[in-house]
Amino acid sequence: MDKNLKYTRNIGIMAHIDAGKTTTTERILFYTGRTHRIGEVDDGNAQMDWMIQEQERGITITSAATTTYWKYNNEEFKINIIDTPGHVDFTVEVERSLRVLDGAVAVFCAVGGVEPQSETVWRQANKYDVPRIAFVNKMDRPGADYFSVIQQIKEKLGANPIAVQLPVGSEESFRGVIDLIRMKAIVYYDSDMTGTKFEVEDIPPDMVRDAAEWRGRLIESVANVDDTLLAKFVEDHDSITVDELLTALRNSTIKGIAVPVICGAAVKNKGVQPLLDAITAYLPSPVDIGPVTGVDPRTDEEVKREPDDKEPLAALAFKIATDPFVGRLVFLRVYSGVLRAGDTVLNTRTGKRERINRLFQMHANKQNPKESISAGDIGAGVGFKDLKTGDTLSAIHKPILLESMEFPEPVIGIAIEPKTQADVDKLAIALSKLAEEDPTFQVRTDPDSGQTIIEGMGELHLEILIDRLKREFRIECNQGVPQVAYKEAITTSADFHEIFRKQTGGKGKFADIVATMMPTENGVRGLEFVNEVKGGNIPREFIPAVEKGFREAMSNGPLAGFPLESLKVVLKDGSYHPVDSDALSFEIAAKQAFRKYSRKCNPVLLEPIMSTEVITPEEYVGDVIGDFNRRRGKVEGMESKAGSRVVKAKVPLAEKFGYVTVLRTLTSGRATSTMEFSHYEEVPAEIANRIIEITKGKIL
């Protein structure tokens, strides 16, 4: 085992949009000596927001990775940091980052508290069992309420937040924090504008009682999940030492049963050094996380790999980026073994070998060449031929397949074409590069019009991609109006017997299948194919062709040509001709059967429904709800928050285009809204008929 691996932290910074993730990351880079001046999001010079679109809009679009070092308890720790976006359109960046990280810092706004996207990223972290700590930022803002945010983390996120700090002052007078473990105050003085100097002092007299009460709560919370401490707590909780408390809190955090909460004001340079201490003290190293589990593709048996340089290589490609200088960059998390520049490794998905020409340690969009990436580390490589997000790289003779990543389906599309004929080929190449980088971005050609349709997670997502085409690839595009990514579904089952026969003189074509088409159960997406053919009536080598035929046919539904969300096919019987039958015949028979019989399964049209949250002053609540009703929305609840009302609703995406402008008009610009994809739902019949007619070109 690499003795230094316990000093490594692979962490992500995650939060709702505008909670201050990038600002916090910039401070971390400054205080760890990674940068020599503090980058500001508002000034457009943040190191981690390196894309020109990020600098212009003041938002994070792509997750950026960097490596820095921090001294804690006289020992140096290596921290690999990924700064993730907060906007729901770029949720893929959060998803793939959390998949490869060992721990996370959840940043919350002290005024906004737990916001919609905070809940989304928290669910994503739960999905991958990522231990996390909470940093309540913006304590200097009017309306900041540390204790309210802790309560919201408990109620809205179902977590077990444990305050390990108390704020000294709040809003304008916020000047530091009380460390409840060591019972000392860390105070920042305004004479030092960079926040590099702070004093460790006794707790202010007016806060001694509060600090004692909250320390008691801290010890009680940790004692409840640590038996050794519980015994001491019952006897004499004053005898519990700082080290015992830190160890118990660290263990509870790593197991996911506690979330230490600290606070600060990153933009005012207060509270970031204690955050770095908390990252090293509570979040796990690769050693704490333990072995990664995968499958041996040769035997389908479960195999484990320890985070050790001596183990066979196991690495996951979690992101692909196009760099103008080095080409296709693949971001990698190495779980075991050592990846060296010049090595040839196995891509377990394709079964083919790949050679890594060069390796880099990343700092935003800058690369520092490296000879190797060791177990437990994160880096990037170039030279791969065929690598996708989620692929596993392993030692050639010791293959392992790690769990890949699932990405949400796009919900909105737009037709684009280059302004000049000369750019047609350039556009195809550029779109394939962008689709390679972003699994939630898809490109297809409309079979009827021949138009190129690009699909993504929202209007902002597509807007950024079209902007990138213009700036990075120098391609000007004309674009159509946004289109909703409808889907289709069948609601009843149909039995059928389909024979495909073609005689052309010489060898013909023949396939015969008997099957049932039906809806899937329990929300299964895609094709569920069941083979019940007995006695070799259809040779085994032709069965995959039947499955392939149905899978491909699903991309063109029976109502209006939208993709079918899900389908279950049970293949029961059939026959073949010893000369004329081949795989292609059975594939065509399946496609023909789908076209003929899917109409008999009562198909319906599905539309994406968006979870929407509007924060509005009280006097506009009636107007906001009335507008939702006009948009076929269902209001699901209301609550009060910091002097405003929060209205939650589910609204079809088709009714949401241009909503931000309407909301501004309704509320004199005083309301804000967020929206994220929730689920697909059946479109009401009269609206569905109109969509189908428009799609088929009956009305223009």
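What is the volume of the largest cavity? In this predicted model, local features require pLDDT of at least 70 and side-chain atom pairs count only at pLDDT 80 or more, whereas totals for chains, interfaces and linings use all residues. Residues are numbered from 1 along each chain as its sequence is written, and side-chain values use heavy atoms, with hydrogens and water left out.

The largest cavity has a volume of about 70 Å³, and the structure holds one cavity of 30 Å³ or more. A cavity is here a set of points, on a 1 Å grid over the protein atoms alone, where a 1.4 Å probe fits but cannot get out; lining residues have an atom within 4 Å of a point. Grid points are joined across faces, edges and corners, and the volume is the space filled by probe spheres set on the points. Ten residues line the largest cavity, and Ala65, Thr66, Thr67, Asn80 and Ile378 lie nearest its centre. Strand E2 (64–72), strand E3 (75–83) and strand E22 (378–382) are the elements that give two or more residues to this lining. Strands (E, at least two residues) and helices (H or I, at least four) are DSSP runs, numbered from the N terminus. The lining comprises six nonpolar, four polar and no charged residues, where Ala, Val, Leu, Ile, Met, Phe, Trp, Tyr, Cys and Pro count as nonpolar, Asp, Glu, Lys and Arg as charged, and the others, Gly among them, as polar.

An open, antiparallel sheet of three strands has the order E13-E12-E24; two strands pair if DSSP finds at least two bridges between them. Strand E13 (301–305) and strand E24 (401–402) each have a single partner strand, so one side of each is left without a neighbour in the sheet. Five bridges join E13 to strand E12 (residues 292–296), and Asp296 stands opposite Glu301 in E13.

A further open sheet, also antiparallel, contains four strands in the order E7-E8-E9-E10. Its edges are formed by strand E7 (165–168) and strand E10 (198–201), each pairing on one side only. Strand E8 (residues 176–179) and strand E9 (residues 184–188) are joined by four bridges, and Gly176 has Val187 in E9 as its bridge partner.

Among the helices, Leu246, Leu249, Arg250, Thr253 and Ile254 in H8 meet Thr280, Ala281 and Tyr282 in H9, contact meaning heavy atoms within 4.5 Å. The residues of this contact divide into five nonpolar, two polar and one charged.

Note on methods. On a 1 Å grid over the protein atoms alone, a cavity is a set of points where a 1.4 Å probe fits but cannot get out, and a pocket is an open set with protein on both sides within 12 Å along at least five of seven lines; lining residues have an atom within 4 Å of a point.
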